[in-house]
Amino acid sequence: MALLKLNQLKKELKQLEQNELIQLISEMYKINKDVQQYLSNKFIGEEAIKDLYERTKKIVRDEFFPERGFAKMRLGVARDAISNFKKLSSDDGKTIDLMLYFVETGTEFTNTYGDIEEKFYNSMVSMYNKVVNECNKSEEFYNIFKDRLYLIVSETDGIGWGYHDDICAIYYSLDWLEEDE
């Protein structure tokens, strides 16, 4: 499949009149939900991002605790929703919040229904590690999320597959802990 390179696209777009550009963007808007969301975020701003955040949070929650039926636990669906949010919003704080929510909800699921498989815990640990890495980069994010990060340590106590041990090791790697003490 032959696709335009970015520089080729820019060259083609420069040759279009304003009304042709408007028509092209309008057509893209009609056929692609990501374009709709991106442009809404761009022009509406925080209200559109907040709406996307709430929808993404619901997708994550529904994979573990749907309003009806049984949990599907399609971790890839939840992770993809978070990645899509990050791509469309560029809001690092809300993205970290969603990543942490994924781990909190997965931990809640385990504490509600019992032990899951190792692959499940590996996914939780991986996401928790990403959150801690982001918090290590920013004291502001650490201060926002530190209570929730520690609560996960508490909530994982007694869960199998080394989940609690891995979460503890990651938590205690936080650079800001020494300053808090």
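This is a predicted model: local features need pLDDT of at least 70, side-chain atom pairs count only at pLDDT 80 or more; totals for chains, interfaces and linings use all residues.

I started with F120: its relative accessibility is 2%, so F120 counts as buried. (Buried means under 20% relative accessible area, exposed means over 50%, and partly exposed is in between, with a 1.4 Å probe and protein chains only.) I looked up Y121 too, and at 1% Y121 counts as buried as well.

Residues are numbered from 1 along each chain as its sequence is written, and side-chain values use heavy atoms, with hydrogens and water left out.

Next, rings. I found 12 aromatic pairs in the structure. F120 and Y121 make an edge-to-face pair, with 5.3 Å centre to centre and 85° between the planes. (Rings of Phe, Tyr and Trp, the last by its six-membered ring, pair if their centres lie within 6.5 Å; planes under 30 degrees apart are stacked, over 60 edge-to-face, and the rest tilted.) F120 and Y121 also belong to one aromatic cluster with F64, F65, F102, F109, Y113 and Y163.

Then I checked the largest nonpolar core, which has 44 residues. (Such a core is a set of buried Ala, Val, Leu, Ile, Met, Phe, Trp, Tyr and Cys residues joined through side-chain atoms within 4.5 Å.) Among the residues that touch the most other members are F64, F102 and L149. Helix α7 (118-137) is one of the elements giving two or more residues to this core, and its nine residues are the largest share. (Helices are DSSP runs of H or I, at least four residues, and strands are runs of E, at least two, numbered from the N terminus.)

What does L149 touch, leaving out residues up to four places away in sequence? I got L100, Y128, V131, V132, C135, Y171 and L174. (Contact means heavy atoms within 4.5 Å.)

S123 lies in α7, and S123 is buried because its relative accessible area is 10%. With the residues up to four places away in sequence not counted, S123 touches L75, R79 and F102.

Last, I tested the length of α6 (residues 92-113): at 1.5 Å a residue, its 22 residues should span 32 Å, and the end C-alpha atoms are 32 Å apart, which agrees.

Key:
The expected span of a helix is 1.5 Å times one less than its number of residues.
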